[in-house]
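The sequence and the coordinates are shown first, and the description follows.

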Amino acid sequence: MSLIYRRKSNDPDFTHAIYDYVGEMRPFIKRVKKPHLLVPMLLFKSIEWGIYRWHKTPIRRFYGVKGNELIYMITNACNDRCPKCGIWERPEPRDQHLMIEHFINCLKRLHHNLYQVTLTGGEPLIFKKDVMLIAEEAKKLNVPMVTITNGRFLDEAFLTRYKKLGHILVVSVDSVEKEKWNEFRGRRNFDIVMPKIMLAKEILGDQLRIQSVLSKESAEEIPKVKEWCKQHKIQFNVQFNQDFGGTWTNVISGEVAYDNDTPCAARKNICIYPNGDVVKCFDHRRIPLAKEPLGNIAKQDIIEILCTKRSTEVSKIMKTCNLPCKNMSCNKPQTLLFN
Amino acid sequence: MSALIIPCYIKSQWDINCLYRLLESVQNQTRKFDKVYLVDDASPLKYELPYDFAEHILLNENGGPARARNTGIERALASGIEHLLFTDHDCIPEKDWNDQMTGFLEQTSFAAVGGMTYSWGNTIYDYYHNINGTLAGKWLLPDKKELWYMPSLNFGMKAFAAEEFPFDERFPTAAGEDVDLCLRLRSKYRIGFCPTATLWHDYGYKNAFTGFRKFVNLFKKYKSSSATVYEGHTVLMWDSSESIYKGNMYESNLQTKIQ
């Protein structure tokens, strides 16, 4: 008997149903040793098969425990030139950028099981209009949202709307000293961004967070950022440096700080690239089976993509792959992230 | 040392009769249980226990059979029990059931065991369940040397496995929680099959006419958990399995028993 759940729109065609039915009945018939019971037994088996195949079952898994985080790298493009990151070096061509409707559909399909939707980049606020559309949809669907930004494009109108929606804004800050800031950002914008962070604090209050990347280059700066956050009563988190194509060096020499018993995000993360490609983790490509994306939300339904055999096999490998991405904050319990 | 854990939710006189019948068969086991935990999951109907060998644990709130079994597991582990067996109030184990199940766990390297389950009644639906193997577990194919899954009504675990793999209390009803447990357990250990550990299950069909609705509702209940189980175990679910019935219960190479 099949326990595999299929959505209606994902149902295979009629011939597949016949094939499945015959496949179930043929071995079962051999078990019926009383000829006069053959017909009723076939009838009962057909009823059971029909229930398993078509009886509706709720799409919400784990009975209300929301298990997934949807992470959308809305763009590779960025207005900063941080040496820690190389994503900005490969901005997606305009014609390959995902239409926002596809992501909204994806969000709607998954919202029952999402505890959070996260927007990252590049710099997400290059697509400020799209960010606000997602934020409003997430609010309607009752999904908490987190946007990770460099803060350059923050303004009063955006912050005021964002505040009303109740979502979290995380600003990436690796130094609070002007010279280091400008060095770490690759742009001389300390005097522009710092006032925006203060404005964000004023408008967003507790909805504003600061996150720093810990590497050998930033190690001396992080305690100062932490102290600065403490003074301004802003929640703060440190993330280990990861290989996103930048030149910064890891403080833990590329090794994994956690063992195999540490839960991995593989089971929960659903990540979308700027062109709509779906992966279980942005470090996916390190796994041979996962070199190619699992699918693309512009072409396929997200649940159809997640239910493929390769998707589940990749999840299994990722559970014990112990790649450096296990150090990332997506593997930490949410309650421990900011303090 | 072995313990029996029985979760129960008593809502009718039929349930009480079933429970008394089970306790009688537990009392008559050729190998006595060191502990018997009857975990009442906040039943709406009150009842007295005619036997004093069972520890009657009354839960304040209904939390489903997974929570009830976990309560029993906690007590058993705290008492130093080595082998934990599980059944339901509507079951009747053969006299040597504990001997067979516990003996299997003692003599083999399997971390868990399932026995052979038959229908207690004589209706056409009972016949169906017998040949369908509805509650008789599933072979892991192609070798049929271990189980893919075993329903919790005829199930046993060694203490270390029970400690490591409790039931998932997010399953609110008696559907899917045992499949989930077995799939998690199989990620690390193996579940063996003991065909000589016979247990009877009373589905409660009175006759072919009145039983039809019960029959349909039974499978609807099982189906209701399938999405949950599938989402949690997408990879392990790909393994092929075959339900066990009398005709294939000895197809396994039982030499694995002495591994």
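## Secondary structure and numbering

How many helices and strands make up the secondary structure of chain B? Chain B has eight helices and eleven strands. Helices (H or I, at least four residues) and strands (E, at least two) are DSSP runs, numbered from the N terminus.

The model is predicted: local features need pLDDT of at least 70, side-chain atom pairs count only at pLDDT 80 or more, and totals for chains, interfaces and linings use all residues. Residues are numbered from 1 along each chain as its sequence is written, while chains are lettered from A and ligands numbered from 1 in the order in which they are written.

## Confidence of the model

The scores of the model are ipTM 0.87 and pTM 0.59. For single residues, confidence is given as pLDDT, which is the predictor's confidence in each residue, from 0 to 100. In chain B the mean pLDDT is 89, with 92% of the residues at 70 or more. In chain A the average is 82, and 81% of the residues score at least 70.

Some stretches have a pLDDT that stays under 50. In chain A, residues 1-11 are such a stretch, with 21 contacts beyond four places in sequence; two residues are in contact if their C-beta atoms, placed from the backbone, lie within 7 Å. Residues 58-65 of chain A also stay under 50, and the model has 17 contacts of this kind for them. In chain B, pLDDT stays under 50 over residues 254-259, for which there are four contacts beyond four places in sequence.

## Burial and nonpolar cores

Of the 259 residues in chain B, 50% are buried. A residue is buried if 20 or more other C-beta atoms lie within 10 Å of its own, exposed if 12 or fewer, and partly exposed in between, with C-beta atoms placed from the backbone. Among the contacts in chain B with a separation of 6 or more, 77% join residues 24 or more positions apart.

The largest nonpolar core contains 73 residues, and B:Ala3, B:Ile5, B:Leu84 and B:Ala112 have the most contacts inside it. A nonpolar core is a set of buried Ala, Val, Leu, Ile, Met, Phe, Trp, Tyr and Cys residues joined through C-beta atoms within 7 Å. Strand 10 (residues 191-201) of chain B supplies the largest share of this core, six residues. Another core, of 56 residues, lies apart from it and includes A:Ile71, A:Tyr72, A:Ile134 and A:Ile197. Leaving aside residues up to four places away in sequence, B:Leu84 touches residues including B:Ala3, B:Ile5, B:Ile73 and B:Met157.

## Helix packing in chain A

Two packed helices are described by the angle between their axes and the distance between the axes. Axes are lines fitted to C-alpha atoms, for helices over the stretch in contact, and angles run from 0 to 180 degrees between N-to-C directions. Helix 5 (residues 156-165) and helix 7 (residues 190-204) of chain A pack at about 30 degrees, with axes 9 Å apart. On the side of helix 5 of chain A, the contact is made by A:Glu156, A:Leu159, A:Thr160, A:Tyr162 and A:Lys163, and on the side of helix 7 of chain A by A:Leu199, A:Ala200, A:Ile203 and A:Leu204. This contact has six nonpolar, one polar and two charged residues; Ala, Val, Leu, Ile, Met, Phe, Trp, Tyr, Cys and Pro count as nonpolar, Asp, Glu, Lys and Arg as charged, and the others, Gly among them, as polar.

Helix 1 (residues 14-29) and helix 2 (residues 38-54) of chain A cross at roughly 145 degrees, and their axes come within 11 Å. Here A:Tyr21, A:Glu24, A:Met25, A:Phe28 and A:Ile29 of helix 1 meet A:Leu42, A:Lys45 and A:Trp49 of helix 2 of chain A. By class, the contact between helix 1 and helix 2 of chain A has six nonpolar, no polar and two charged residues.

## Backbone features in loops

Most residues other than glycine have a negative phi, and most peptide bonds are trans. A:Asn142, although not a glycine, has a positive phi of about 65 degrees. The loop between helix 4 (128-140) and strand 3 (145-149) of chain A holds A:Asn142. A:Lys233 is not a glycine either, and has a positive phi of about 55 degrees; A:Lys233 lies between helix 8 (222-231) and strand 6 (235-240) of chain A, in a loop.

In chain B, a cis peptide bond with omega of about 5 degrees joins B:Leu141 and B:Pro142. B:Pro142 is in the loop between strand 7 (138-140) and strand 8 (147-149) of chain B.
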